[in-house]
Amino acid sequence: GHSLLAVRLAAQIHKQFGRSVGLSVLLEEGTIANLAKVLRPEAEEGEGPYSPLVAIQPRGERRPFFCVHAIGGQVLGYYHLARRLGPQQPFYGLQAPFLTEIGDESESIEQMAARYAEAVRSAQPEGPYFLGGYSLGGFVAFEMARQLKSRGEEVALLAIMDTWSPHVYQRLPQDDDEAYTLAMLARVRAREMEKDVSLSHEHLRQLPPDEQLLYVFEQLKRVGIFDEGMTPELGALYISNFVRGHRARQRAVHEYRPGAYDGKVTLFRCTEMDPRQLEVFERLGVEINEPTFGWGELTPEPVEVYEVPGYHERMCQEPYVQVLAERLGRCIEEAESCPAR
């Protein structure tokens with residue numbers, strides 16, 4: 001009960017205040033006094049070292065599963081997955097500042113991976129490790145596995161959740177078309193909330209940049225993504241900062257050029273795909289039916305592939321997360337009984 005309340009409260013805080021509050025803060029220190037302290041602007045400075053590790057479900061006898069954030073940076077969305085994996089499976093998220101907080105600068109994939117690998121080793125000093133990542137987190141988890149292996153550590157499970165390989169991703173155009181990015185992000189955000197916003201970048205492109213932001217805000221507010229009290233000016237600023245952060249992390253992915261990984265990759269891929277994204281992939285000659293999403297080019301071992309229902313944005317949410325958790329749980333059990341060499 002407390003965990004679900006924390007998830008809802010964190011989502012509400014982000015909606016109302018535009019501030020990200022780590023799940024660990026709400027789960028472990030969720031009093032009104034502490035929450036007020038966290039929300040004060042001065043709480044951003046001098047509060048001690050920032051840790052990317054969030055104990056979403058710290059109890060249980062099994063080896064922990066460490067799961068890297070998606071492009072947004074937060075790990076609140078893994079709550080349902082952690083819960084469905086059961087009370088005996090410890091589950092840690094690796095989080096980063098939210099997109100609206102990072103401006104135009106992002107760490108590289110290699111830098112993120114090095115920092116997160118250290119955080120993982122602080123919680124579990126020796127392997128074998130169970131690593132995972134969803135969306136952008138798939139790249140970071142892959143690089144963490146490479147770095148840990150290069151230090152002689154064992155990685156018994158590398159679970160990549162609906163992420164195309166860097167080789168495929170580098171063929172996609174850079175996000176320098178603001179109208180395309182805005183329309184895509186609005187559709188994604190709406191789908192996450194089980195809403196439908198049919199924005200087209202062709203329509204947005206006909207508007208001046210400031211009006212594009214206001215129009216997207218109005219469309220998202222109309223379907224309940226923003227509170228009634230949110231003003232157009234604040235909404236447009238929020239969306240602008242969100243897009244800046246998104247571009248910064250997208251650049252990090254475009255610049256990631258990994259070598260091969262001498263280990264097994266386990267891929268969970270969604271059965272549904274955004275029709276407009278499909279059009280882009282087909283136009284660029286990306287083989288969308290290639291079962292390994294390109295990861296087969298980066299490992300000498302066969303890629304283990306599992307299909308899970310739903311769209312990318314919904315795979316960690318109910319009801320789709322049930323299938324993901326069931327299949328991931330089986331992979332963890334197999335990795336535990338037969339650790340990596």
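pLDDT is the predictor's confidence in each residue, on a scale from 0 to 100. That matters here, as this is a predicted model: local features need pLDDT of at least 70, side-chain atom pairs count only at pLDDT 80 or more, and totals for chains, interfaces and linings use all residues. Residues are numbered from 1 along each chain as its sequence is written, and side-chain values use heavy atoms, with hydrogens and water left out.

Let's start with confidence. The chain averages a pLDDT of 84, with 83% of its residues at 70 or more. Two stretches are listed below, with contact meaning heavy atoms within 4.5 Å.

| Stretch | pLDDT | Contacts in the model |
|---|---|---|
| Residues 15–20 | under 50 | 22 contacts beyond four places in sequence |
| Residues 27–48 | below 50 | 25 contacts beyond near neighbours in sequence |

Where pLDDT is low, the predicted coordinates should not be read in detail.

On to the fold. There are 13 helices and seven strands in the chain; these are DSSP runs numbered from the N terminus, helices being H or I with at least four residues and strands E with at least two. Of the 341 residues, 52% are buried, meaning under 20% relative accessible area with a 1.4 Å probe, protein chains only. Take the contacts between residues at least 6 apart in sequence, and 78% of them join residues at least 24 apart.

The seven strands make an open, mixed sheet, ordered β1-β3-β2-β4-β5-β6-β7; strands pair if DSSP finds at least two bridges between them. β1 (53–57) and β7 (304–308) sit at the edges with a single partner strand each, so one side of each has no neighbour in the sheet. From one strand to the next, the twist averages 20°. Within the sheet, β5 (residues 155–161) runs parallel to β6 (residues 266–270), joined by three bridges, and Ile160 stands opposite Leu267 in β6.

Helix α6 (residues 136–150) lies across β2 (65–68), β3 (91–94), β4 (129–134) and β5, at about 155° to β4. Axes are lines fitted to C-alpha atoms, for helices over the stretch in contact, and angles run from 0 to 180 degrees between N-to-C directions.

How do helices α8 and α10 cross? The axes of α8 (residues 178–192) and α10 (residues 209–222) come within 11 Å and cross at roughly 10°. That makes the two helices roughly parallel, the label for angles under 35 degrees. Glu178, Ala179, Leu182 and Ala186 in α8 meet Gln212, Leu213, Val216 and Leu220 in α10.

Notes: Angles under 35 degrees count as roughly parallel, over 145 as roughly antiparallel, 65 to 115 as roughly perpendicular and the rest as oblique. Buried means under 20% relative accessible area, exposed over 50%, partly exposed in between (1.4 Å probe, protein chains only).
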